[in-house]
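Visitor: Could you walk me through some of the side-chain contacts here? I'd like to take them one at a time.
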Amino acid sequence: MTSKNTPGYIRRYRRINLIWLAVWVVIGIAIFITGIMLWTTRANILTVMAVLMVLPGAKRIVALVAAGKKRSVSLERCKLVEEAVGSYIYGGVLDTHEYEAEELDEDEEDKDDAETEDESRFSEKPIPWSVIFTDYIFTSTEKIMMLDFLVVTFGTVFILPSSSNQDQEYVKKYLTEGIKKWSPELDIRFVWDDKKLVDGLKNLNEKAAPLRDRREVIAYLQSLAM
């Protein structure tokens with residue numbers, strides 16, 4: 001898989017940013033040297049262009065700093081979660097727009113009644129799988145954080161923070177507040193090791209959350225991820 005928040009994402013993320021950083025450095029140096037060869041002085045337009053190559057290069061450096069020393073979750077751990085969930089899709093490949101509510105076609109005589117109840121004019125489409133996020137890096141205004149796994153079932157959000165986080169209580173508070181803004185109906189469960197996550201998924205007895213709530217929470221979690 002090559003999408004965000006799928007197995008091996010952080011490893012690919014770091015490699016791609018390193019490659020692009022090297023590309024921008026080489027381009028900048030090449031432009032700078034070309035300018036000196038043509039004008040025998042650094043005071044030329046190509047020197048300015050070479051300096052501008054710092055901007056996209058800096059973007060890659062910021063991405064690498066954000067990734068820090070974080071490592072991808074192993075494929076073996078991902079396999080255990082996949083088997084525990086059953087029917088699943090990874091959050092990085094799910095397009096939530098495909099499941100947005102659609103307006104129903106109605107007969108003219110029914111439209112007046114529908115206008116009094118806007119909710120009845122739309123058909124909600126269920127996302128038919130549990131949604132798994134892994135290698136999940138996200139930021140607030142204060143911290144860069146990581147989750148090993150985040151699993152959204154039909155009525156529950158399971159969250160397994162990475163041990164690389166320096167303030168786990170901050171992670172817990174930040175995600176709980178964010179998710180509850182979109183849905184007070186989804187149950188939020190923090191677990192702190194793989195066994196508790198797998199056991200929780202296998203022994204799940206839950207009430208399904210409203211379709212709209214679930215879709216909005218998944219879209220919110222997608223938007224947070226780096």
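Guide: Let me start with Arg 77, which is partly exposed, with a relative accessible area of 24%, where buried means under 20% relative accessible area, exposed over 50%, and partly exposed in between, using a 1.4 Å probe and protein chains only. This is a predicted model, in which local features need pLDDT of at least 70 and side-chain atom pairs count only at pLDDT 80 or more, while totals for chains, interfaces and linings use all residues. Residues are numbered from 1 along each chain as its sequence is written, and side-chain values use heavy atoms, with hydrogens and water left out.

Visitor: Which residue in helix H7 does Arg 77 pair with?
Guide: That residue is Asp 194, whose side chain meets Arg 77 in a salt bridge at 2.6 Å, N to O; a salt bridge here is a side-chain nitrogen of Lys or Arg within 4 Å of a carboxyl oxygen of Asp or Glu. Asp 194 lies in helix H7 (residues 194-202) and Arg 77 in helix H4, so the pair ties together parts that are 117 residues apart in sequence. Helices are DSSP runs of H or I with at least four residues, strands are runs of E with at least two, and both are numbered from the N terminus.

Visitor: And is Asp 194 buried or partly exposed?
Guide: Asp 194 is partly exposed, at a relative accessible area of 22%.

Visitor: What about Asp 148, how does that one sit with Arg 77?
Guide: Asp 148 forms a salt bridge with Arg 77, and their closest N and O atoms are 3.0 Å apart. This pair also links distant parts of the chain, with Arg 77 in helix H4 (residues 75-85) and Asp 148 in strand E5 (residues 144-152), 71 residues apart. Asp 148 is buried, with a relative accessible area of 11%.

Visitor: How many salt bridges does the structure hold?
Guide: It holds eight. Another one of them joins the side chains of Asp 187 and Arg 189 at 3.0 Å, N to O; Asp 187 is partly exposed at 34%, and Arg 189 is partly exposed at 30%. Elsewhere, salt bridges that share partners join Glu 124, Arg 212, Arg 215 and Glu 216 into one network.

Visitor: Switching topic, which residues meet between H2 and H3?
Guide: Ala 50, Val 51 and Leu 52 in H2 meet Val 54, Leu 55 and Pro 56 in H3, contact meaning heavy atoms within 4.5 Å.
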